[in-house]
Amino acid sequence: SLLFSCYGLVLKSFLLFGYFGKELINTSEVAAQIGICYLYDIYGKDVIKEEIPFNIIEFQHSWLMEGSLPPNSFGDAASIYIAKKDGMVIHYMHGE
């Protein structure tokens, strides 16, 4: 499953780059790659592709990635919080 490839991406970074004890997800670009991977698996590629571009907001210990909707659309886009420390999902949601 794609979700296992997301975890594999995080684990590979730990092993190859020696990030133990550091913040693994230290740039918005890496947060976006991880976030897209998770959201594709959770909601499906077709749904998430409609919400590009994503806004990425940095917090002290996490990243928030929020999708956007076309003008004059109703509903909410996907959002996901990703831990900086290890790339794990803290919270995700998608409105109706």
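Two residues are in contact, or touch, when heavy atoms of theirs lie within 4.5 Å. Ile36 touches Ile48, Phe54 and Met65, leaving out residues up to four places away in sequence. The structure is a predicted model, in which local features need pLDDT of at least 70 and side-chain atom pairs count only at pLDDT 80 or more, while totals for chains, interfaces and linings use all residues. Residues are numbered from 1 along each chain as its sequence is written, and side-chain values use heavy atoms, with hydrogens and water left out.

The chain has three helices and four strands. Helices (H or I, at least four residues) and strands (E, at least two) are DSSP runs, numbered from the N terminus. Read from the N terminus, the order of elements is α-α-α-β-β-β-β. The chain has 96 residues, and 32% of them are buried. Here buried means under 20% relative accessible area, exposed means over 50%, and partly exposed is in between (1.4 Å probe, protein chains only). The accessible surface of the chain is about 6,100 Å², and carbon and sulfur atoms hold 58% of this surface. Accessible areas come from the Shrake-Rupley method with a 1.4 Å probe; for residues, only the protein chains shown count as cover. Of the contacts with a separation of 6 or more, 45% are between residues 24 or more positions apart.

The sheet comes next. Four strands form an open sheet in the order S1-S2-S3-S4, with antiparallel pairing. Two strands pair if DSSP finds at least two bridges between them. The edge strands are S1 and S4 (89-94), each of which pairs on one side only. From one strand to the next, the twist averages 10 degrees. Axes are lines fitted to C-alpha atoms, for helices over the stretch in contact, and angles run from 0 to 180 degrees between N-to-C directions. Helix H2 packs on the sheet and touches S1, S2, S3 and S4. The direction of H2 makes about 125 degrees with that of S3.

Two of the strand pairs can be followed residue by residue. S1 (residues 55-58) and S2 are antiparallel over four bridges, and they form a hairpin with three residues between them. In this pair, Ile56 stands opposite Met65 in S2. S3 and S4 are antiparallel over five bridges, and Tyr81 stands opposite His91 in S4.

Which residues have the most contacts inside the largest nonpolar core? They are Ile25, Ile36, Leu39, Ile48, Phe54, Met65 and Ile80, in a core of 15 residues. Helix H2 (28-43), strand S2 (62-66) and strand S3 (78-83) are the elements that give two or more residues to this core. H2 gives the most, with six residues. A nonpolar core is a set of buried Ala, Val, Leu, Ile, Met, Phe, Trp, Tyr and Cys residues joined through side-chain atoms within 4.5 Å.

Is Lys84 buried or exposed? Lys84 counts as buried because its relative accessibility is 5%. Lys84 lies in the loop between S3 and S4. Neighbours within four places in sequence aside, its contacts are Glu23, Leu24, Ile25, Glu58, Phe59, Gln60, His61, Ser62 and Trp63. The side chain of Lys84 reaches the backbone oxygen of Phe59 at 2.8 Å.

Ile90, in strand S4, counts as exposed because its relative accessibility is 53%. Neighbours within four places in sequence aside, Ile90 is in contact with Ser62, Tyr81, Ile82 and Ala83.

Ser28 lies in helix H2 and is partly exposed, because its relative accessible area is 28%. Ser28 is in contact with Ile56 and Trp63, its neighbours within four places in sequence aside. Ser28 and Glu58 are 30 residues apart along the chain, and their C-alpha atoms are separated by 7.6 Å.

One peptide bond remains to be described. Most peptide bonds are trans. The bond from Ile52 to Pro53 is cis, with omega near 10 degrees. Pro53 lies in the loop between helix H3 (45-49) and S1.

Note on methods: Polar contact = N/O pair within 3.5 Å; in protein donor to acceptor, adjacent residues only side chain to side chain.
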